[in-house]
Amino acid sequence: MLQLVLAAPRSGSGKTTAACALLAALTARGLTPCAFKSGPDYIDPMFHRAVLGVESHNLDLFFSAPQIARALYARHAAGHGAAVVEGAMGYYDGLGGVTDTASAWQLADALDLPALLVVRPKGASLTLAAELRGLTAFRTPHHIAGILLNDCTQGLCALLKPMLEKETGLPVVGCLPPLPEAAIESRHLGLKTAAEIDDLQRKIQLLSDAAQQTIDWPLLHTLFDRPAPAAVPCTVPPPRVRLAVARDAAFCFTYAETLEAFRDAGAEVVFFSPLRDTALPENIGGLYLPGGYPELHARELSGNTSLLREIKQKIESGLPTAAECGGFLYLGQSLTDAEGQSWPMAGVLPGEAKDAGRLVRFGYATLSADSDSLLFRAGESVPIHEFHHWDSTANGTALAAKKPVGGAEWRCGFVNEHFYAGFPHLYWAGTPLPQRFAAAAENYRRDHD
């Protein structure tokens, strides 16, 4: 089975484009690949799903112990002919950018997978070899098994390949040529989501066609074939309660593993759209409002007054609810859109949300509870991640957040026995949170039947 971590010396090297090219080409070659993303990123897995038509999964060694990451990888890689794990940032860049903890290298090490390094050669040639030798010398084992030259013509690749192989000892598996017509647009949280890219399938086809022609596939298989992971026995219980999960263009930041954890806890996941649906799904026992881009759809969300009223009434009557980041903003008093106009929201929480003009409280942190609530227990700490440009005038004070590097601390979140809302994104898989949420939902449903 072809298995690799797709990494790079730095952000901006084109890892997501290369991942899509590889996945599409592997699919065309009949290998039924699967995909993973190193780190907390929501957007890159959307592109993997757009290529494959199946879920992509996040593997994060800040959120999860190595054995949890290995179990998730084995569960979702088993039965496939190839697995591509897209790294984040630079290969060794982990917590705070100053440690290798939770880096793509640490994930390659934990999974014992070889890494294919995506390198943009523009502006350097022999110096590029020096940089690559530094990367291979920095940690032992370095796990780097090959190089893919990105945004590189075949002529330049033919020139650089023998030199790089001689100077670094790393084989060059080929290149991806410049394809401006397949470019993927960005905005304030990084790439636009896959659903927003015009003619994405045409761009994916262009990438696939290029990869078929310019990658040395026999060499790639020689370097990256590994024994397939053994399938992990997994029995999903029959659902005992229904959980309503917001999913549309405004609420699109949900880890696939979170939904699977809900199902593993005995919940049926029922999707609804706060943009289009005028009522919540029937007979639900809980409500999950994930992050996304509500600020880009504030007018439409505000105009769906019947759903806003129902959500407010249900939460105030005790419906178990978890709201993260964009979901948290949706429950506030108002939300200012990208043009600066303020729109009324659900009014469950006191805050008004506006564009902060910069990244706010960006990065990993831990969240500690002072008392028991729906999801948390007193004295317990859970890993979180924040990545947003909008902020609220009332972020809550129920929980204590602390960064693992630098030690910055702040209070945040609103909690009670049936409620969690805050900016932090939670990673539910491998934690007690799904079982607690599902149990509370069952109790609510039992009391309201």
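My entries follow in the order in which I looked things up.

**Ground rules.** I am working from a predicted model, in which local features need pLDDT of at least 70 and side-chain atom pairs count only at pLDDT 80 or more, while totals for chains, interfaces and linings use all residues. Residues are numbered from 1 along each chain as its sequence is written, and side-chain values use heavy atoms, with hydrogens and water left out.

**Cores.** I looked first for nonpolar cores, meaning sets of buried Ala, Val, Leu, Ile, Met, Phe, Trp, Tyr and Cys residues joined through side-chain atoms within 4.5 Å, where buried is under 20% relative accessible area, exposed over 50% and partly exposed in between, with a 1.4 Å probe and protein chains only. The largest core holds 89 residues, and those touching the most other members are Leu6, Tyr73, Tyr91, Leu116, Leu149 and Leu220. Helix H1 (residues 15-28) gives this core its largest share, 9 residues; helices (H or I, at least four residues) and strands (E, at least two) are DSSP runs numbered from the N terminus. Apart from this core I found another of 33 residues, including Ala246, Leu289, Ala346 and Tyr444.

I then asked which residues Leu6 is in contact with, leaving aside neighbours within four places in sequence. Taking contact as heavy atoms within 4.5 Å, I listed Lys15, Ala18, Ala19, Leu22, Val84, Val85, Glu86, Gly87, Leu116 and Val118.

**Sheet.** Counting two strands as paired if DSSP finds at least two bridges between them, I traced an open sheet of 6 strands with mixed pairing, in the order E11-E10-E12-E13-E21-E20. Strand E11 (267-272) and strand E20 (414-416) are its edges, each pairing on one side only. Strand E10 (residues 241-246) pairs with E11 in the parallel sense over 6 bridges, and Ala246 stands opposite Phe272 in E11.

Helix H13 (residues 433-447) lies across E10, strand E12 (286-289) and strand E13 (321-324), and runs at about 115° to E10; axes are lines fitted to C-alpha atoms, for helices over the stretch in contact, with angles from 0 to 180 degrees between N-to-C directions.

**A proline.** Pro218 is found in helix H8 (residues 217-224), and I noted Pro218 as exposed, with a relative accessible area of 58%.
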